[in-house]
Amino acid sequence: MLDAQSTLLAELIKRSPMGIVVCDPSGVLRIVNDKARQLLPMVPQPEGRLAKDTLPIPRLLEVLSVVDDSSIEEDLYIGSKILKIRSVSMGEHGRLAILEDVSTLYKAEDHRREFVANVSHELRTPATSIAGYADLLLNAGIELSTEARDMVRVIHRNALRLNSLFSDLLTLSKIEAQSVNMPKEDLELYPIAVECMDKQRQRAEKRGILFQLMVPKDLKVHANRDAMIHIVGNLIENAVKYNREDGLVTIRAELRSAPPKVLFEVIDLGVGMAPSHLERIFERFFRVDKGRSRNVGGTGLGLSIVKRLVDRMDAQIEVRSRVDRGSIFRLWLDPADPFAAVPEESGIETKKW
Ligand code: ADP
């Protein structure tokens, strides 16, 4: 019985479509199945030998020698191949690493992104042109019947919506195509908040919405400028779009200690969201109320772009909301480097270890 089970297990490991490697606590490779041998450059008979003598892949050796209980999941680039490694502890038996070749999958993802970016780019140009001519028809003193004017208004509104949709899709594919994190610099938050608030002023005034700005002028964060303008701009835009008539948008920021972080908040007194919706608002094309979002010119892509930008900066975003009460979007950002502004001959001693 036991024998039959062992044979079955051995067969399972041998025929697994995933690479399987087990390394014991003394660094000796105990199991290396056929698939792992195909995927990894290694000597022909690696089992029973020290991993460091048979596997010329430093990162994989590091993963296999981790002694704690942590699980590790990461991509490993070997030449033109991308391998996904998932590794778990096997207690006193050492570590298990499962390897999967994801190169084709990643390539297909790249093609999909490139295709979406190209299509969005190509379609944005005619949409801009349609919106432009519709705007001209409405505002250049051209005589139009009431009926025709209403129709052109619909054309104009929809062309603008298409334009926003293609722009958001383009932005999303560009962010997803970037494999490295964004470069960061020390930035003052105040001018960014003012710039984004000014962009929404007209929309806010139309509905009697007031802004309250509580951002210290000297407060600096360590972040990417373009990403911050996009994120703050989107949060303020949403706070206006989903606010009530004569509502209020509060934009505030403060430095928190332990750990040092800058908390940036956009607070509105608008329609709010139910907990079940809150979980989904960072998904692409998710809208709580499609009709309302469409009426205010939404695409359902704004917050998914925000989330990706926040992740790319290693920052965090949280939301609190109550239906008919309003919402609070909170960003946790790195504060500016406290020594960045110190001139070199400042007398501050630097020591290297
Ligand atoms: P949209 O372009 O539709 O505004 P977003 O991705 O920016 O798309 O937001 C997704 C959805 O989350 C919105 O359609 C709206 O239902 C909801 N939402 C976002 N911000 C707020 C807010 N401040 N108050 C209430 N609902 C919001």
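The chain has a radius of gyration of 27 Å, whereas a compact globule of 353 residues would be near 20 Å (taken over C-alpha atoms; the globule rule is 2.2 Å times the number of residues to the power 0.38). This is a predicted model: local features need pLDDT of at least 70, side-chain atom pairs count only at pLDDT 80 or more, and totals for chains, interfaces and linings use all residues. Residues are numbered from 1 along each chain as its sequence is written.

**Overall build**
- The C-alpha trace spans about 90 × 60 × 40 Å along its principal axes.
- The chain holds 11 helices and 12 strands (DSSP runs numbered from the N terminus: helices H or I, at least four residues; strands E, at least two).
- Buried residues make up 25% of the 353 (buried: 20 or more other C-beta atoms within 10 Å of the residue's own, with C-beta atoms placed from the backbone).

**Main core**
- The largest nonpolar core has 42 residues (buried Ala, Val, Leu, Ile, Met, Phe, Trp, Tyr and Cys joined through C-beta atoms within 7 Å).
- Helix H8 (225-241) is among the elements giving two or more residues to this core, and its 8 residues are the largest share.
- Domain 2 (105-177) and domain 3 (185-352) both contribute, so this core lies between them (bounds from an automatic or database domain assignment).
- Val266 is one of the residues with the most contacts inside the core.
- Beyond four places in sequence, Val266 touches Leu235, Ile236, Ala239, Val249, Ile251 and Phe329 (contact: C-beta atoms, placed from the backbone, within 7 Å).

**Second core**
- A separate core of 17 residues includes Val22, Val32, Leu55 and Val63.

Note on methods:
A residue is buried if 20 or more other C-beta atoms lie within 10 Å of its own, exposed if 12 or fewer, and partly exposed in between; C-beta atoms are placed from the backbone. Two residues are in contact if their C-beta atoms, placed from the backbone, lie within 7 Å.
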